Amino acid sequence: MSLQPIGIFDSGVGGTSIWKELHKLLPFENTIYLADSRNAPYGEKSDEKILDLSVKNTELLLGKGAKLIVVACNTATTNAIAYLRENYDVPFIGIEPAIKPAALNSKSKIIGVLATQGTLSSALFNNTSKVFSEGVKVMEQNGAGLVPLIESGKAFSAESKNLLLKYLNPMLNEGIDHLVLGCTHYPYLIPILKQILPEHVEIIDSGEAVAKQTYAILLKNNLLATKQIPVNQFYTNANVEILKQFVYKYQVQVNYLDF
């Protein structure tokens, strides 16, 4: 058993959608969350820069005693997790767009993937897509502009809705029946997505699957925490008030950290 914290990092506030699933399944675990909002979105950066930022975040979390690290960013997972696993001793949990369940359950055999360019252009994403989408048409869409809106507290703005309409209408015209959210920021757009999408289109994100995998790895490595009141620490290198908006319902500590 281990009371060391689970470390989580993302290119901003989006990974809080993953943290909430982790906290729901593992309520006694201490956590440390890094919101690298200053560098958001990672999806528009070079592979080298994404790796550099992922290493920086990893080393900061390890310095704070993390026993396991959740890379709560699709772009960082697809571009950096292989390197992180090879070079650090703690377990890493990554996030990939959930193409497999969408492709397996699609009746129309047409699915949509909304993600950042960094994820869509990565080798890991393309390999996963090839393996699981045989016989299925995958419509990929770069959600450019969505992450900055969410990071600035404008997830429910008219601008967000207009961008989503622009991105989703071509998919709907082709007949998608599943929409895969390939960025941890995007679950915060689900209320607007439900306004736009017909009821038969299923929205899929990775949060619950990531929480279950984290539980399995902690159990396997005898790292689960005992029953306790957890300490959940959140750090951002940008606007603290924005981050607070995403976790205000929880007993957490939110602070500024220059990283």
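Ser160 is buried, because its relative accessible area is 1%, and the cut-off for buried is under 20%. The model is predicted.

- Setting aside neighbours within four places in sequence, Ser160 contacts Leu146, Leu149, Lys154, Ala155, Leu189 and Ile192.

**The four-stranded sheet**

- The sheet is open, has 4 strands in the order β6-β5-β7-β8, and its pairing is parallel.
- Its edges are formed by β6 (137–142) and β8 (202–204), each of which pairs on one side only.
- On average, neighbouring strands of the sheet are turned by 20° against each other, with direction ignored.
- Strands β5 (residues 110–115) and β7 (residues 178–182) run parallel and are joined by 5 bridges.
- Ile111 has His178 in β7 as its bridge partner.

**Ser2, before β1**

- Ser2 sits in the segment that precedes β1 (6–10).
- Ser2 counts as buried because its relative accessibility is 8%, with the limit set at under 20%.
- Apart from residues up to four places away in sequence, Ser2 touches Glu29, Lys67, Asn222, Leu223, Leu224 and Ala225.

**Aromatic pairs**

- The count of aromatic pairs comes to 5.
- Trp19 and Tyr250 make an edge-to-face pair, with 5.0 Å from centre to centre and 85° between the planes.
- Trp19 lies in helix α1 (residues 16–25) and Tyr250 in the loop between α11 (240–247) and β10 (253–256), so their pair ties together parts that are 231 residues apart in sequence.
- Trp19 is buried, at a relative accessible area of 0%, whereas Tyr250, at 28% relative accessibility, counts as partly exposed.
- Trp19 and Tyr250 also belong to one aromatic cluster, together with Tyr33 and Phe234.

How values were computed:
Residues are numbered from 1 along each chain as its sequence is written. This is a predicted model: local features need pLDDT of at least 70, side-chain atom pairs count only at pLDDT 80 or more; totals for chains, interfaces and linings use all residues. Side-chain values use heavy atoms; hydrogens and water are left out. Two strands pair if DSSP finds at least two bridges between them. Helices (H or I, at least four residues) and strands (E, at least two) are DSSP runs, numbered from the N terminus. Axes are lines fitted to C-alpha atoms, for helices over the stretch in contact, and angles run from 0 to 180 degrees between N-to-C directions. Buried means under 20% relative accessible area, exposed over 50%, partly exposed in between (1.4 Å probe, protein chains only). Contact means heavy atoms within 4.5 Å. Rings of Phe, Tyr and Trp (its six-membered ring) pair if their centres lie within 6.5 Å; planes under 30 degrees apart count as stacked, over 60 as edge-to-face and the rest as tilted.
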